[in-house]
Amino acid sequence: MGNVHVLDHPLIQHKLSYIRDKNTGTKEFRELVDEVAMLMAFEITRNLPLQETTIETPVMETKTKVLAGKKIGLVPILRAGLGMVDGMLKLIPAAKVGHVGLYRDPETLKPVEYYIKLPSDIEERELIVIDPMLATGGSANDAIDSLKKRGAKNIRLMCLIAAPEGVEVIQEQHPDVDIYLAALDEKLDEKAYIVPGLGDAGDRLFGTK
């Protein structure tokens, strides 16, 4: 089963408290999400492979380590996932960014892709699918399906908060996908909102209601 990693670094937890707070306005909310995404990127890249290289310091020649060229792709799920991309790019500026936009057909309940644009070498990249909230797991599951259909092999899912129900769906449908969270919340309410949650991430990021 895909492992669930709760990134409980004190700075992440501290900033997440302000993200959850209903009195945090759009500008501050956006900045905090950006900062938490950067801190999560630090944790999520912990096991990237390194290779040895030789450089000249001002003093002498020395052997040192650099990333072993494993290509990373960031794939935000539109629209709320966009709020976490810039923070990650601050740490991994060479990452390529793809986008996935999906909605569910109200009649058939099947996922419909209204927008998808991905790096051409998707099968060679370590992909990080980004969505602030993993509630029912529906859109993350559909997005991962879309990527796999196009040849993606290495996928991780990164969310600020998740409900156990959503985590379960991804673990069942995509046991090869590791899940990275800042917090695992209590449950979903009858409207499929995460409890205690943080409200609607898209509305709070973009100031829409």
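**Histidine 174 and its protein chain**

Leaving aside residues up to four places away in sequence, histidine 174 touches Asn141, Ile144, Asp145, Lys148 and Val169. The model shown here is predicted. This briefing starts with that one residue, then turns to the whole chain.

**Histidine 174**
- Histidine 174 sits in a loop. That loop runs between α5 (164–173) and β11 (178–184).
- Is histidine 174 buried or exposed? Histidine 174 counts as buried because its relative accessibility is 3%, and buried means under 20%.
- One of the residues it touches is Asn141. The side chains of histidine 174 and asparagine 141 make a polar contact at 2.8 Å.

**Fold and overall shape**
- The protein chain has six helices and 13 strands.
- Its radius of gyration is 18 Å, close to the 17 Å that the globule rule gives for 209 residues, so the chain is as compact as a globular protein of that length.
- Along the principal axes, the C-alpha atoms of the chain fill a box of roughly 65 × 40 × 30 Å.

**Contacts and burial**
- Of the 209 residues in the protein chain, 44% are buried. Histidine 174 is one of the buried residues.

**Surface and charge**
- The protein chain exposes about 11200 Å². Carbon and sulfur atoms supply 52% of that area.
- How many positive and negative side chains does the protein chain have? There are 26 positive and 32 negative ones.
- The centres of these two sets lie 3 Å apart.

Notes. Residues are numbered from 1 along each chain as its sequence is written. This is a predicted model: local features need pLDDT of at least 70, side-chain atom pairs count only at pLDDT 80 or more; totals for chains, interfaces and linings use all residues. Side-chain values use heavy atoms; hydrogens and water are left out. Helices (H or I, at least four residues) and strands (E, at least two) are DSSP runs, numbered from the N terminus. Buried means under 20% relative accessible area, exposed over 50%, partly exposed in between (1.4 Å probe, protein chains only). A polar contact is a pair of N or O atoms within 3.5 Å; within protein, one must be able to donate a hydrogen and the other to accept it, and residues adjacent in sequence count only if both atoms are side-chain atoms. Contact means heavy atoms within 4.5 Å. The radius of gyration is taken over C-alpha atoms; the globule rule is 2.2 Å times the number of residues to the power 0.38. Accessible areas come from the Shrake-Rupley method with a 1.4 Å probe; for residues, only the protein chains shown count as cover. Lys and Arg count as positive and Asp and Glu as negative; His and the chain ends are not counted. The place of a charge is taken as NZ of Lys, CZ of Arg, CG of Asp or CD of Glu.
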